[in-house]
Structure formats: C-alpha cells, structure tokens
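Have the structure open as you read.

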Amino acid sequence: MNIDEYLYFVRRAFDGMLDALELLGDEHANEAPPLAGANPPWAIAYHCTEVVDYWIGHLIAGRPSRRNRAAEFTASGSVADLRGRVTALQSRLVDDLAGFDPTAPLLNSPPSAYEGPARELSPCGVLLHVLEELAQHHGQIELSRDALLALAGDRR
C-alpha cells in the first residue's frame, strides 16, 4: 500500500469537510439540521478527527487513547480551531504510518462494542475502515451544509 497516496485521500476528505464548514461559518457549523437524531456538521468533523486518531494512532501506531466517543457528537468550536486540529492530526499520521507494515499485528485492539467487521482487523483493514468513515461523514457534512444553508435562505 502506498501510504502517501492513502494520506492524499485522507487529506481530500478533511479538506472537503472543512470547506463545507467554512461555507457555513462558525454559527451554522455548530447547528444541527432539523432532522431527527442529526448532529451538527462541526461535531461530525470533530468525530472524524477522533476516528482517525484512534484507529490509526492507537491501533496501528500504538499511541495511548483516552477517546470519549459519546462526547464527540456534542463537541463544538470554531472552524479555525478544527482546521488546526486536522493539520496537527495529518502531521501525526505521517509519523504513525512511517514504516507501515501491512502484515504486522495491531498494537492495540478495538473494544468489542465498537462497530466493525465480525473478524480480526489487519492494519490494511483499519486503513480501509478509516477511509470508509471519512467518506461517509464527508457526504453527511455536505448534506448537512446544504440543509442548513437552505434553511438560512442562502443558496450559495
């Protein structure tokens, strides 16, 4: 697996999320669309940083994790702060995946309560899961952006 190419797609997903949040501005980025169970786009993007940090940083690279998944969906903040968090995360990923060995065992295992396949994941499976999550949530953020802009009467 070409790690530079992988990180390119991770960057693209985060860039798309951040572009959507910037279009919304801080106020609307922290507002949930009026749909049952919807989360604010900012919280979804923050959740994505935690997903990547946990699945790659903790499971593959072996960094400690104090992840609080439930709190991710109630988090809020400025788009600028989130952009800084994403930039720092992308730098850590370069280190986390330096010398990536797709045949090495994971350094940590996800709790059984976390969603995932009903089988042991390989390092490549972890990377694929991360891209799956980023793609899903990128689209979710874009739909949330469109709904929130329509409600605000903004047809950008």
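## Aromatic pairs and a helix contact

At 39% relative accessibility, Phe-9 lands in the partly exposed class (buried is under 20% relative accessible area, exposed over 50%, partly exposed in between, with a 1.4 Å probe and protein chains only). This is a predicted model, where local features need pLDDT of at least 70, side-chain atom pairs count only at pLDDT 80 or more, and totals for chains, interfaces and linings use all residues. Residues are numbered from 1 along each chain as its sequence is written, and side-chain values use heavy atoms, leaving out hydrogens and water.

Tyr-8 is partly exposed too, with a relative accessible area of 39%. Tyr-54 is buried at 6%, and Trp-55 is buried at 4%.

| Pair | Centres | Planes | Type |
|---|---|---|---|
| Tyr-8 and Phe-9 | 5.0 Å apart | 80° | edge-to-face |
| Tyr-54 and Trp-55 | 5.8 Å apart | 80° | edge-to-face |

Rings of Phe, Tyr and Trp (its six-membered ring) pair if their centres lie within 6.5 Å; planes under 30 degrees apart are stacked, over 60 edge-to-face and the rest tilted. The count by this rule is three aromatic pairs.

Now the helices (DSSP runs of H or I, at least four residues, numbered from the N terminus). The axes of H1 (residues 3-29) and H4 (residues 79-96) come within 9 Å and cross at roughly 170°, with axes fitted to C-alpha atoms over the stretch in contact and angles running from 0 to 180 degrees between N-to-C directions.

How values were computed. Helices (H or I, at least four residues) and strands (E, at least two) are DSSP runs, numbered from the N terminus.
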